[in-house]
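Hi,

Here is the structure I promised to pass on.

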Amino acid sequence: MQYIYLHGFASGPNSTKARDIGDRFAQIHTKLKIPDLNAGDFSHLTITRQITQVAAEFSNNSTPVTLIGSSLGGLITAHLGQQYLQIQRLVLLAPAFGFLSHWLPKLGDEEVQRWQQDKYIMVYHYGEERKLPLSYDFVTDAAQYQEKFLQRPIPTLILHGKNDEVIPIGASRDFGRLRPWVKLVELDSDHALGNVMEEIWQTIRLFCQLP
């Protein structure tokens, strides 16, 4: 089994969650790949590009894959699971279902229109600790990735904070409601899930049958 972790939007492989889970995999002597989904070019980031990048990490067509994805990485994980049959298990941490519908209203109509006209907007990148330009192509590309297309019955564990201020837990509840193969664990936490990492790890360990 190959294990791959996908970090969130405007984040990186050195994020707190990525490091925490990476360390825990190391302690049980199990390899976890954590690719940098910025690929050295955050400005031209798209969901399509990230899906292609992660698929290139798969060892070969016969090796089963477990994906663990955080926030936007969780959304990408779900779409990869739909497309690639060798992916046999998904773990989604506060997955960004309905990402555009939650994010764009916070920017406001005028800001979004300006972004469309200017082609780029400055976005704070937590991994780089500075603002970087992001192309409007990100929005047009993301619009095609809708949850209604995610119908492959793949064993899926969702861990989501009840006080998530970025992606409301209702997004995960709605996703799981019509998909009996999804197990949703609701946690007393926010989007960062920083206070429940031990609980998250024990749940992942059980779900993935890790040593």
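Below are some notes on one helix and on the cavities.

Bear in mind that this is a predicted model, where local features need pLDDT of at least 70, side-chain atom pairs count only at pLDDT 80 or more, and totals for chains, interfaces and linings use all residues. Numbering runs from 1 along each chain as its sequence is written, and side-chain values use heavy atoms, with hydrogens and water left out.

Start with α3, residues 72-83 (helices are DSSP runs of H or I, at least four residues, and strands are runs of E, at least two, numbered from the N terminus). Its 12 residues reach 17 Å from first C-alpha to last, close to the 16 Å expected (1.5 Å times one less than the number of residues). Of these, 10 are buried, so α3 is largely enclosed by the rest of the structure; buried means under 20% relative accessible area with a 1.4 Å probe, protein chains only. The cover includes β1 (2-6), β3 (65-70) and α6 (137-142), going by contact, i.e. heavy atoms within 4.5 Å.

Now the holes. I get 2 cavities of 30 Å³ or more: on a 1 Å grid over the protein atoms alone, sets of points where a 1.4 Å probe fits but cannot get out, with lining residues having an atom within 4 Å of a point. Volume is the space filled by probe spheres set on the points, which are joined across faces, edges and corners. The largest has about 80 Å³, and α3 gives the most to its lining, with 3 residues. A78, G81 and Q82 are among the lining residues, as are F175 and W181.

Cheers

Notes: Buried < 20%, exposed > 50% of the residue type's maximum accessible area, 1.4 Å probe, protein only. 1 Å grid on protein atoms, 1.4 Å probe; cavity = no way out; pocket = protein on both sides within 12 Å on 5 of 7 lines; lining within 4 Å.
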